[in-house]
Amino acid sequence: MSEVSIQAERLLGRLSSLGAIGRGDDGRLTRLAASDADRAGRDSLVRWLEDAGLEVAIDRIGNIFGIWRPESVRDDAPVLLGSHIDTVIDAGIYDGCYGVLSGLEVIETLKSSGWRPSRPIAIAAFTNEEGVRYAPDMMGSLVHAGGLSVEEALASIGIDGTRLGEELRRIGYAGEREPGFLKPHAYLELHIEQGPVLEREGLAIGAVETLQGISWQRVTIEGVANHAGTTPMSLRHDAGHAAARVITFLREQAVAADTPSVATVGSLRFEPNAINVIPARASLTVDLRDPDEMRLREAESALASFLDELARSEGVAVSVERLARFEPVVFDRGVVDRIEQAAGRRGLPCRRMTSGAGHDAQMMARIAPSAMIFVPSIAGISHNPKEFTPDADLLAGANVLLDVVRSLTAAG
């Protein structure tokens with residue numbers, strides 16, 4: 001195949017344009033799922049899809065698809081390229097959006113080059129990947145893959161008390177197509193790494209072959225509120241101290257394991273949250289991740305045992321709520337091979353790697369051969385306005401995506 005490259009100015013311009021949508025008066029970028037800002041971002045994406053001559057389809061969970069279905073195709077199962085355009089609060093401009101807009105750029109480049117694919121090529125922008133406003137995260141792709149019913153997803157109550165189904169109708173993105181209507185031949189997701197590995201090693205491309213399993217739990221500790229000055233230390237049932245012990249336990253366990261295991265307490269709340277009152281209640285979230293399912297289960301079991309001992313030793317009551325649980329994913333070896341080969345043909349240094357973050361690709365891997373392409377994140381920063389990837393790396397990743405799509409759709 002002769003070398004074709006994407007149009008840099010068009011891709012980078014759209015990234016900048018989408019990155020300007022959802023900024024408040026303080027300049028912070030926030031496009032939470034099914035918000036007014038999300039509607040504005042979706043409207044721009046749909047206009048670009050229509051301008052590219054693609055068939056636009058929206059399903060009941062609000063997933064947006066742009067489909068190129070040339071008359072020459074022999075097989076109706078598309079190569080699907082996707083990610084998301086919703087963001088966290090105070091976000092950067094690349095996470096998710098880069099994958100969606102690069103997919104569009106790939107199709108436009110192939111169309112203008114005269115490429116005649118053997119099957120359709122489609123783009124997906126999945127709803128609520130971030131999971132900031134509604135739970136669970138990666139919701140749109142999970143529903144598409146059949147892992148969550150559309151009715152349950154639409155009934156999800158947000159952190160602001162809204163219902164997702166009502167909000168999708170309000171912003172005009174409650175589609176009519178049934179989730180899962182598009183059965184992909186393969187799925188590819190291009191993404192910034194959101195970690196420091198590629199930059200540290202001086203590599204342009206990551207061929208992602210595995211994705212860490214994720215276990216999210218909420219731990220609630222019930223103690224007894226009492227006066228901070230008059231209650232002896234030996235007579236306290238201090239929910240705050242018990243929570244601190246959980247945090248310390250998780251860190252020590254992860255560090256001592258000498259494996260890729262990680263553990264994070266990202267949210268912690270005390271009640272009554274007063275300077276001179278012993279906390280009666282502590283609520284904290286636990287995020288456990290590991291690319292090996294057995295190790296992930298061992299980490300969960302170790303935490304459960306520790307919480308039982310904690311309740312006895314501190315004289316507190318402990319309850320645990322499961323928030324989300326996803327097993328590790330091994331991506332399709334054949335698709336990963338194609339990524340590595342495409343990078344080599346472009347002269348781009350590449351390594352195989354594991355994704356530490358969750359992505360729509362882990363859901364799509366349930367129903368189609370899937371893999372991911374990573375490009376470097378400067379300093380490993382993401383979910384942050386300082387998130388940055390140089391233009392040269394963005395273009396390199398998009399060109400690798402282009403070449404893999406050509407190899408998957410070449411007439412054989």
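Mentor: In this predicted model, the lining of the second largest pocket consists of eleven nonpolar, three polar and four charged residues. The space in that pocket amounts to about 250 Å³. It is lined by 18 residues, and those closest to its centre are Gln253, Ala257, Ser261, Arg295 and Ala299.

Consider next where the lining comes from. Four elements each supply at least two residues: the helices α8 (239–257) and α9 (293–314), and the strands β8 (262–264) and β10 (281–290). The largest share belongs to α9, which gives six residues.

Domain 1 is made of two stretches, 8–211 and 329–409, while domain 2 covers 213–326. The centres of the two domains, taken over C-alpha atoms, are separated by 34 Å. Where the domains meet, eleven residues of domain 1 are in contact with six residues of domain 2. Between them the domains bury about 600 Å², and 62% of this area is on carbon and sulfur atoms. As a general point, the size of an interface is often given as the accessible area lost when the parts come together.

Charge pairing deserves a separate word. Side chains of opposite charge can pair when their charged atoms come close. The structure holds 34 salt bridges, yet the count between domain 1 and domain 2 is zero. One of the salt bridges joins the side chains of Arg218 and Glu321, with 3.0 Å from N to O. Because Arg218 lies in strand β7 (residues 213–222) and Glu321 in strand β11 (residues 317–326), this pair ties together parts that are 103 residues apart in sequence.

Rolling a probe the size of a water molecule over the atoms shows where empty space is left. The count comes to two cavities of 30 Å³ or more. The largest cavity has a volume of about 50 Å³, and its lining is formed by Asp38, Arg42, Ile64, Ile85, Asp86, Ala125, Phe126, Thr127 and Asn128. By class, four of these residues are nonpolar, two are polar and three are charged.

The second largest cavity holds about 40 Å³ of space. Its lining consists of His84, Asp86, Thr87, Val88, Ala91, Gly92, Asp95, Glu130, His383 and Glu387. Here the classes are two nonpolar, four polar and four charged residues.

Leaving aside neighbours within four places in sequence, Pro385 is in contact with Asp90, Ala91 and Gly92. Pro385 is placed in the loop between β14 (370–375) and α12 (391–409). Its C-alpha is 29 Å in space from that of Pro328, and the two prolines are 57 residues apart in sequence.

Most residues other than glycine have a negative phi, and most peptide bonds are trans. Against that background, a cis peptide bond joins Ala135 and Pro136, with omega about 5°. Pro136 lies in the loop between β4 (121–125) and α4 (139–144). Another cis peptide bond joins Glu271 and Pro272, again with omega about 5°. Pro272 belongs to the loop between β9 (268–271) and β10, and β10 is one of the elements that supply the lining of the second largest pocket. Ala34, although not a glycine, has a positive phi of about 65°. Ala34 is found in the loop between α1 (8–19) and α2 (36–51).

How values were computed
Residues numbered from 1 in each chain as written. Predicted model: local features only at pLDDT ≥ 70, side-chain atom pairs only at ≥ 80, totals over all residues. Heavy atoms only, no water. 1 Å grid on protein atoms, 1.4 Å probe; cavity = no way out; pocket = protein on both sides within 12 Å on 5 of 7 lines; lining within 4 Å. Points joined across faces, edges and corners; volume = space filled by probe spheres on them. Nonpolar A, V, L, I, M, F, W, Y, C, P; charged D, E, K, R; others polar. Domains from an automatic or database assignment. Contact = heavy atoms within 4.5 Å. Buried area = accessible area lost by both parts, 1.4 Å probe. Salt bridge = Lys/Arg side-chain N within 4 Å of Asp/Glu carboxyl O.
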